[in-house]
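Dear colleague,

I am handing over the structure we spoke about, and my notes on it follow below. Please read them with the model open beside you.

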Amino acid sequence: MLDKIKETALWLKTQAKGFEPKIAIILGSGLGNLEKEINVKLEIAYKDIPNFPVSTVEGHAGKLLFGNFGGKEIVAMSGRFHYYEGYSTKETTFPIYVFYQLGVKVLLASNAAGGLNPGFRIGDLMVITDHINMIPDHPLRGKNIPPGPRFLPLGDAYSPRLISLAERIAVKHDFTLRDGIYLADSGPTYETMAEYRMYRLLGADAIGMSTVPEIIVARHCDMECFGISVITNSGYKSALVTHEEVKDTADDVAPRMSLLFKELIENIEI
Ligand code: HPA
């Protein structure tokens with residue numbers, strides 16, 4: 001696996017010559033729109049990248065972007081890989097290991113999620129402060145891939161300094177920023193009403209099908225991590241959510257998300 005990671009990183013370095021991004025962004029469902037704000041220098045379809053899986057979900061464009069955003073060089077995933085597509089979480093997180101080899105130090109991940117906290121409204125942004133992993137496949141299972149330790153603590157997975165920076169940005173622009181616990185479910189079904197209630201009882205504020213495996217691997221690579229969810233539906237009210245609804249809400253929220261990411265990047269000291 002390490003050989004493949006290094007092979008892909010080397011290939012990307014040759015393609016993106018001179019580019020040395022220290023920040024990686026993952027654009028989740030519907031949030032592909034945010035890429036319009038990035039001054040893209042190089043765009044590579046996942047299918048053209050050696051050893052990359054290929055994203056199969058509608059609304060996930062499936063390409064890697066190198067460009068400038070918030071005054072810094074970044075690499076962005078437009079579309080991500082999910083466990084429910086049939087990949088193992090080791091496969092879905094392959095790009096994160098590659099980013100580490102490229103010299104990335106900070107990961108900013110976004111997703112669409114169902115709200116479980118009854119105080120949340122559709123269209124709210126929720127900063128992830130902690131997570132619950134219910135995907136039945138652990139990305140670090142198997143032989144340990146250096147440099148991370150075999151037994152990785154996750155108590156500090158979401159960077160307090162990036163969370164408070166995001167809070168300051170929201171205050172400055174006068175928009176509501178929620179915070180809470182994100183639960184990753186396997187998908188591809190959305191949850192039943194009974195499951196939404198159960199996950200709320202477990203302590204989750206929002207629920208989705210991604211992000212957690214990527215954060216685990218990024219932490220294993222000692223990256224500083226930040227995660228944010230767009231609340232696209234309310235699991236405490238209805239279990240009749242559609243993918244279109246999720247994408248439309250994420251689209252509406254994209255400008256706020258983009259502003260937040262831009263100012264976060266402007267202010268991150270690496
Ligand atoms: N459940 C799981 N994943 C989701 C949801 C949901 O309600 N909304 C958006 N992604």
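A residue is called buried when its relative accessible area is under 20%, exposed when that area is over 50%, and partly exposed in between. Please keep in mind throughout that this is a predicted model.

With those cut-offs, Met-198 counts as partly exposed because its relative accessibility is 39%. Met-198 belongs to helix 5, which spans residues 193–201, and together with Met-134 and Leu-202 it makes a nonpolar surface patch of about 260 Å².

Turning to the charged side chains, the structure holds 10 salt bridges. One of them joins Lys-63 and Glu-43, at 3.4 Å from N to O; since Lys-63 lies in strand 3 (residues 63–69) and Glu-43 in strand 2 (residues 39–45), the pair ties together parts that are 20 residues apart in sequence. Lys-63 counts as buried at 17% relative accessibility, whereas Glu-43, at 47%, is partly exposed.

A second salt bridge, between Arg-178 and Asp-124, has an N to O distance of 2.7 Å. Arg-178 lies in strand 7 and Asp-124 in the loop between strand 5 (106–115) and strand 6, so this pair ties together parts that are 54 residues apart in sequence. Here Arg-178 is partly exposed at 26% relative accessibility, while Asp-124 is buried at 8%.

The side chains of Asp-156 and Arg-219 also meet in a salt bridge, at 3.5 Å from N to O. This pair links distant parts of the chain, 63 residues apart, with Asp-156 in the loop between strand 6 and helix 4 (160–172) and Arg-219 in helix 6 (residues 212–220).

Finally, which residues is Thr-89 in contact with, leaving aside its neighbours within four places in sequence? They are Tyr-83, Ile-135, Asp-137, His-138, Pro-139 and Pro-213. Thr-89 is found in helix 2 (residues 89–92) and, at 1% relative accessibility, counts as buried.

Conventions
Residues numbered from 1 in each chain as written. Predicted model: local features only at pLDDT ≥ 70, side-chain atom pairs only at ≥ 80, totals over all residues. Heavy atoms only, no water. Patch = residues over 30% accessible without salt bridge, like charges linked within 9 Å, V, L, I, M, F, W, Y side chains within 5 Å. Areas by Shrake-Rupley, 256 points an atom, 1.4 Å probe, with all protein chains shown as cover. Salt bridge = Lys/Arg side-chain N within 4 Å of Asp/Glu carboxyl O. Helix = DSSP H or I, 4+ residues; strand = E, 2+ residues; numbered from the N terminus. Buried < 20%, exposed > 50% of the residue type's maximum accessible area, 1.4 Å probe, protein only. Contact = heavy atoms within 4.5 Å.
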